[in-house]
Amino acid sequence: MSREARERTAQLREGTLALGVLVDWREVNSNPRLVLMLDVETAEGVAFRGIADESFTITELTRLAPGQTMPVRYRPDVMDHYVALALDADPADVQRVSDEIARRKRA
């Protein structure tokens with residue numbers, strides 16, 4: 001992984017929480033490492049197609065399904081298409097983001 005990619009990954013791990021809906025994925029190698037394509041929505045109402053480069057166990061890989069919602073982190077100051085899965089996010093924080101997105105859609 002390049003220095004730039006390592007820096008981006010570190011920044012994403014500290015990024016802002018959002019929700020991503022899995023669209024598709026491609027296997028990069030047999031670790032398995034995947035590139036995920038997600039439709040991301042932020043609590044502020046910004047929507048974009050996100051790309052996450054992640055490693056999975058075989059068990060996790062078998063549980064992936066299009067349409068699955070996952071917490072992700074993004075860099076609002078950069079707003080490129082890179083995101084990282086936020087599987088370590090506090091469930092209460094994920095629920096707050098989900099509630100804000102739902103509230104905005106009802107309004």
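Predicted model: local features only at pLDDT ≥ 70, side-chain atom pairs only at ≥ 80, totals over all residues.

Mentor: The face of helix 3 turned away from its buried side carries two exposed residues, Pro91 and Arg106.

Trainee: Which residues of helix 3 are buried, and why are they on the same side?

Mentor: Buried here means under 20% relative accessible area. Three residues of helix 3 qualify: Val94, Val97 and Ile101. They share one side of helix 3 because the arc they cover around the axis is only 65 degrees.

Trainee: What do the buried residues of helix 3 pack against?

Mentor: Contact means heavy atoms within 4.5 Å. By that cut-off, the buried residues of helix 3 pack against strand 1 (16-29), strand 2 and strand 4 (69-74).

Trainee: Which backbone nitrogen does Asp90 reach at the start of helix 3?

Mentor: Look at the side chain of Asp90. One of its oxygens comes to within 2.7 Å of a backbone nitrogen, that of Ala92.

Trainee: In which sense do strand 2 and strand 3 pair, and over how many bridges?

Mentor: Strand 2 covers residues 33-42, and strand 3 covers residues 47-55. In their pairing, Val35 stands opposite Asp53 of strand 3. The sense is antiparallel, and the bridges number nine.

Trainee: Which residue in the hairpin of strand 2 and strand 3 takes a positive phi?

Mentor: Four residues lie between the strands of that hairpin. The phi in question is near 95 degrees, and the residue is Gly45.

Trainee: Which residues form the covered face of strand 3?

Mentor: Set aside the uncovered face, with Ala47, Arg49, Ile51, Asp53 and Ser55. The covered face has Phe48, Gly50, Ala52 and Glu54.

Note on methods:
Residues numbered from 1 in each chain as written. Heavy atoms only, no water. Buried < 20%, exposed > 50% of the residue type's maximum accessible area, 1.4 Å probe, protein only. Pairing = 2+ DSSP bridges. Arc of directions from axis to C-beta. Polar contact = N/O pair within 3.5 Å; in protein donor to acceptor, adjacent residues only side chain to side chain.
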